Structures are given as C-alpha cells and as structure tokens.
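This briefing covers a predicted model.

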Amino acid sequence: MSFKVSNALKTVRGRRGVDPALREYENRFGAAEDDARARDAIDGKRLHDIYYDLVTDFYEYGWGRSFHFAPRVPGESFKASLARHERNLADALDLRPGMVAADFGCGVGGPMLEIAQHSGAKIIGINSNGYQIEHARTFAEQAGLAHLTEFLHCDFLYVDAPDNSFDAAYDVEAMCHAPDKVSVYAEVFRVLKPGSRFAGYEYIMTDRYNPDDQHHVRVKEDIQLSGALLVIDCPETIDEALRTVGFEVLETRDLAVQSGPSVPWYQPLDGSGISFASFRSSRVGRVITTATLRAMEGLRLAPKGTVRVSETLNLCADAMIEAGRMGIFSPMYFVHARKPG
Ligand SMILES: C[S@@+](CC[C@H](N)C(=O)[O-])C[C@H]1O[C@@H](n2cnc3c(N)ncnc32)[C@H](O)[C@@H]1O
C-alpha cells in the first residue's frame with residue numbers, strides 16, 4: 001500500500017528530490033506569508049507546481065482521482081458522492097455533446113472524465129502541473145475518453161487559448177490556489193464565449209470565522225500552509241470578484257449547509273463510520289501510512305522527506321476536520337455566473 005506512494009515519489013526524487021522540493025515549498029510559502037510584497041511577487045504557479053509534484057501520489061493513494069470534497073447523503077458511498085458533485089456541475093452548465101468546456105485546474109482528471117462521460121461534451125483540462133497532466137492523459141486513455149479530452153499545460157491566470165474560445169468553464173476546488181479571485185475570474189471571462197457560463201466549487205471562510213479568535217486563526221493558517229493556499233476568501237469577496245470582471249451572478253451558495261440529513265464533508269478525513277473506500281484518508285489510515293513510510297524512509301526504501309510530506313498532509317486533514325466541525329470553513333461554495341451575451 002504505502003509502497004505505491006514511495007515508489008511514485010522516487011519519480012519526484014529523480015527530477016529534483018523530495019527533501020529539497022519540500023524545503024523550497026516551505027521557504028516560498030513562509031516568505032509569502034511573512035511579507036505582503038513577497039506574496040505579491042511570488043510565482044504562484046511555481047509554488048503550486050512544487051506542491052503538486054510532492055502531494056499528487058499521496059492524493060491518488062488516499063483519495064482517488066478526484067481531488068475534492070463533496071456533499072453526501074446518508075447511505076451514499078464516498079465515491080458516489082464525488083461523482084454526483086461533479087455531474088451536478090455539468091448539469092448546472094447544461095453541458096451537451098458538441099460543446100467544449102474548460103476545466104480550470106483539472107488535477108489528474110477525475111472530474112473531467114466523469115463530466116465528459118456524463119455530458120458528452122469535450123473537456124479541455126488546464127493545469128500548471130505536468131506530472132498531473134501525464135497521469136490525466138493516461139487515465140483518459142484507459143477510460144476510452146481520449147477523444148473527449150485535451151490538455152493545456154499552462155497557468156490558469158494566463159490560459160493558452162484565444163478570447164471567446166469555450167462554451168462553458170468550471171473549476172473544482174482549484175481556484176483556491178489563485179492569488180486573488182479577480183485575476184483568475186478575469187481569465188475565465190476572457191476565454192468564455194459571450195452568453196456562456198462558468199460554475200465552480202470554491203473554498204471559503206464562512207461568517208462563523210472570527211479573526212480575533214486565535215484558535216480560528218491558527219486553524220486557518222494550518223489549512224493555508226499545508227494546502228498551498230495564499231488566501232482563503234469570504235463569500236462576499238468571491239461574489240464581488242465575479243461581478244468586478246463582468247459576470248452576471250446567477251447563484252452562489254454554500255453547499256456545506258444542507259437542509260436535509262447529510263454526512264459532513266470532512267467525514268472521510270475523520271474516520272467515524274468510515275467505509276473501505278475512504279479508509280486510507282481516515283485518521284487510522286493516515287497513522288498507518290505515516291508509520292509505514294517512516295520505517296521505509298529509515299531503511300532508505302523511500303526518499304528522504306517522504307514522511308514530512310505525509311505529515312504536512314496530515315496537518316491539512318486535521319485542520320480541515322477542525323475547521324469543518326467549527327463551521328468556519330467550507331470547500332463547496334457553489335458559484336454560477338454568466339458572461340453577458
Ligand atoms: C485541489 S486540486 C483539484 C484538482 C481537480 N479539480 C479535482 O477536483 O480533482 C487543484 C488543482 O489546481 C491546479 N492548479 C493550481 N494552481 C494552478 C495554476 N496557477 N494554473 C493551473 N492549474 C493550477 C493544481 O495543479 C491542481 O491540479
């Protein structure tokens with residue numbers, strides 16, 4: 001089980017080394033955190049590129065091919081909830097055969113493959129991380145969906161496509177990595193055809209977040225450092241950014257606030273009532289993985305730094321659970337907007 005992670009991380013070691021890459025990530029993030037000017041000057045694409053080189057194998061191992069959370073109804077499997085959350089975006093955008101949609105920050109392609117399969121639309125995955133694109137291409141071929149998928153290896157702030165190119169665009173928990181929402185939404189607006197729509201799931205700090213509460217602040221900072229998030233916006237900032245770049249806002253809503261019975265979005269990280277599918281991401285699963293990797297790193301079967309990457313992701317998971325319990329953070333602020341035609 002953990003052999004898969006450590007073997008895969010050897011690929012990263014082959015390129016630049018796990019330990020130096022992790023140190024570079026921490027230095028860059030620390031500099032950006034301490035100094036607003038450094039944050040403005042930071043090459044965000046590079047920061048996220050290093051981060052995803054380090055964590056992609058862990059995500060695939062612990063979570064699967066869709067790197068996001070999902071609202072879940074009692075009795076629904078973890079995997080089914082992820083797929084439903086993805087299909088809901090396709091349905092909101094009325095994706096159909098013949099349409100071409102852009103997936104901003106496509107990861108290893110889990111959502112785009114589900115959406116292509118469900119809608120018949122062609123999906124162009126935009127991603128700054130080449131390692132993830134390699135995986136996504138392979139998964140698309142394995143799923144027999146290569147004809148409905150293409151990839152653009154570029155920064156989503158500077159998409160390698162002309163103005164008015166796409167019939168629709170979406171993001172699944174990816175624009176949380178943008179330094180600010182106005183820049184990335186402006187790029188979505190530029191590449192969308194007039195009259196077409198954008199939908200996404202964004203990270204937010206809810207109105208329960210209190211910046212004067214040291215515990216809230218600490219939890220937020222832990223999520224940011226361990227998740228490579230330079231900012232986490234409040235809903236008002238996101239709504240305002242959509243309008244600022246010219247979108248007509250059709251709907252925005254925090255899907256973590258469910259009217260009926262639901263399973264908390266952070267439950268797969270927590271482990272209460274875990275299913276086999278989410279065992280690896282649960283507390284117990286994570287402890288076992290880290291202990292195994294520690295032994296392997298000691299025996300030099302895993303590259304130096306592997307355990308620290310695993311611990312960084314555990315910090316992220318624990319902070320997310322705590323933030324979810326307190327209701328101060330949500331990874332599923334649904335946005336739906338239209339470029340005027
Ligand atoms: C949390 S993952 C979500 C991936 C995918 N949407 C999913 O749900 O499986 C965030 C994604 O955003 C991508 N990303 C982050 N910053 C980016 C940037 N500046 N340009 C393009 N992609 C970026 C990462 O490489 C990663 O694939």
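Seven strands form an open sheet with mixed pairing, in the order E3-E2-E1-E4-E5-E7-E6. Strand E3 (149–153) and strand E6 (248–254) are the edge strands; each has a single partner strand, so one side of each lacks a neighbour in the sheet. On average, neighbouring strands of this sheet are turned by 20 degrees against each other, direction ignored.

**Pairing of E4 and E5**
- Strand E4 (residues 166–172) and strand E5 (residues 192–205) run parallel and are joined by 6 bridges.
- Asp171 has Gly200 of E5 standing opposite.

**Helix on the sheet**
- Helix H10 (residues 235–244) packs on the sheet, where H10 touches E5, E6 and strand E7 (329–338).
- The direction of H10 makes about 165 degrees with that of E6.

**Surroundings of the ligand**
- There are 24 residues around the ligand, and those that come nearest are Phe67, Gly105, Gly107, Ser128 and Ala174.
- Helix H4 (44–62), helix H6 (110–119) and strand E2 (122–127) are the elements that give two or more residues to this shell.
- H4 provides the largest share of the shell, with 4 residues.
- By residue class, the shell divides into 12 polar, 9 nonpolar and 3 charged residues.

Conventions. Residues are numbered from 1 along each chain as its sequence is written. This is a predicted model: local features need pLDDT of at least 70, side-chain atom pairs count only at pLDDT 80 or more; totals for chains, interfaces and linings use all residues. A residue is near a molecule or strand if its C-beta atom, placed from the backbone, lies within 6 Å of it. Ala, Val, Leu, Ile, Met, Phe, Trp, Tyr, Cys and Pro count as nonpolar, Asp, Glu, Lys and Arg as charged, and the others, Gly among them, as polar. Two strands pair if DSSP finds at least two bridges between them. Axes are lines fitted to C-alpha atoms, for helices over the stretch in contact, and angles run from 0 to 180 degrees between N-to-C directions. Two residues are in contact if their C-beta atoms, placed from the backbone, lie within 7 Å.
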